[in-house]
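Visitor: I would like to learn how to read a model like this one. Where do we begin?

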Amino acid sequence: MPGQCQQSPVLAGSATLATLGALILCLQRPLSYGKYSETLTPGVTCLPARAAWFLQELPSFAVPAGILAWQPGSVFGPPGTVLLGLFCAHYFHRTFVYSLLTRGRPFPAVYLFRGIIFCTANGFLQAHYLIYCAEYPEEWYTDIRFSLGVFLFILGMGINIHSDYILFQLRKPGEITYRIPQGGLFTYVSGANFLGEIIEWLGYALATWSFPAFAFAFFSLCFLGMRAFYHHRYYLKMFEDYPKSRKALIPFIF
């Protein structure tokens, strides 16, 4: 029933997320969109980047926001509703702000379809757990896991948004050429936007202290970490003057 915790599907969904993350590490090649769209088979159906990102990210906001809206009381009540509100805040930005500002290349329809399925399933998984399964003590708001997790989430979201803004400024409307990003954490890493989002979801996992959130954080680390690695390799190959001291994802380390 929708108002009861479904433990078995929650565990299965979380295990699936973690498995997908591991498979991405084993795949060892970037998905064919953005910088890597040249590897697509000719004739593949693509959508404009802004429309594609909007449609893909929308379920990640709409599904949990819909579940949250059906709950009695204020969103600033139990810890589960507050934490789900953070999840919705991230995807509100991704859906209604990022998608309108991005100047990326046309997005393959097949990846859009897969993305919609993933975002719908993950949005439901996170929302269902936090609303119907999670049990937090009254003092959770003062627990170090909650405080540090929320801090990391906000820090990561700030890094992610700022880094995306830097990337947006690299292109004029209609351009699809690539340039070397400068400023912010791009001074130290090629995937500053990815690092910010990874920090976000690690903070979210810490604050929720839940299997679904840790599974999603692991998936994000694998997916975005590999994306950062291939971006870094792409930049080094494309630009002779690319900063040699810049790392892929973790400043001074990797």
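Guide: Begin with the inside. This is a predicted model. Its largest nonpolar core has 37 residues. Those with the most contacts inside this core are Leu83, Leu84, Phe87, Leu130, Trp201, Tyr204 and Phe216.

Visitor: Which helices each supply at least two residues of this core?

Guide: H1, H2 (49-69), H3 (79-101), H4, H5 (144-168), H6 (192-208) and H7 do. H7 gives the most, with seven residues.

Visitor: Now the cysteines. How many disulfides are there?

Guide: Look for two sulfur atoms within 2.5 Å. By that rule the count comes to one disulfide. Cys5 and Cys133 form it, with their sulfur atoms 2.0 Å apart. The link is right-handed, with 100° about the S-S bond.

Visitor: Which parts of the chain does the pair link?

Guide: Distant parts, 128 residues apart. Cys5 lies in the segment before H1 (7-27), and Cys133 lies in H4 (residues 109-133).

Visitor: How do I read a pocket?

Guide: Rolling a probe the size of a water molecule over the atoms shows where empty space is left. Here, the second largest pocket holds about 230 Å³ of space. There are 14 residues in its lining, and the closest to the centre are Pro9, Gly13, Ala121, Asn122 and Leu125.

Visitor: Which helix gives the most to that lining?

Guide: H4 does, with seven residues. H1 and H4 each supply at least two. By class, the lining of the second largest pocket has nine nonpolar, five polar and no charged residues.

Visitor: And glycines? Where does Gly225 lie?

Guide: Gly225 lies in H7 (residues 211-238). Gly225 is buried, at 9% relative accessible area. Leave aside its neighbours within four places in sequence, and Gly225 is in contact with Ile198, Ser220 and Leu249.

Visitor: Last, the backbone. Which phi does Trp209 have?

Guide: A positive one, of about 50°, although Trp209 is not a glycine. Trp209 sits in the loop between H6 and H7. At 45% relative accessibility, Trp209 counts as partly exposed.

Visitor: What about Phe252: what is its phi, and where does Phe252 lie?

Guide: Phe252 has a positive phi of about 70°, although it is not a glycine. Phe252 lies in the segment after H7. With 69% relative accessibility, Phe252 counts as exposed.

Conventions:
Residues numbered from 1 in each chain as written. Predicted model: local features only at pLDDT ≥ 70, side-chain atom pairs only at ≥ 80, totals over all residues. Heavy atoms only, no water. Helix = DSSP H or I, 4+ residues; strand = E, 2+ residues; numbered from the N terminus. 1 Å grid on protein atoms, 1.4 Å probe; cavity = no way out; pocket = protein on both sides within 12 Å on 5 of 7 lines; lining within 4 Å. Points joined across faces, edges and corners; volume = space filled by probe spheres on them. Nonpolar A, V, L, I, M, F, W, Y, C, P; charged D, E, K, R; others polar. Buried < 20%, exposed > 50% of the residue type's maximum accessible area, 1.4 Å probe, protein only. Contact = heavy atoms within 4.5 Å. Core = buried A, V, L, I, M, F, W, Y, C linked by side-chain atoms within 4.5 Å.
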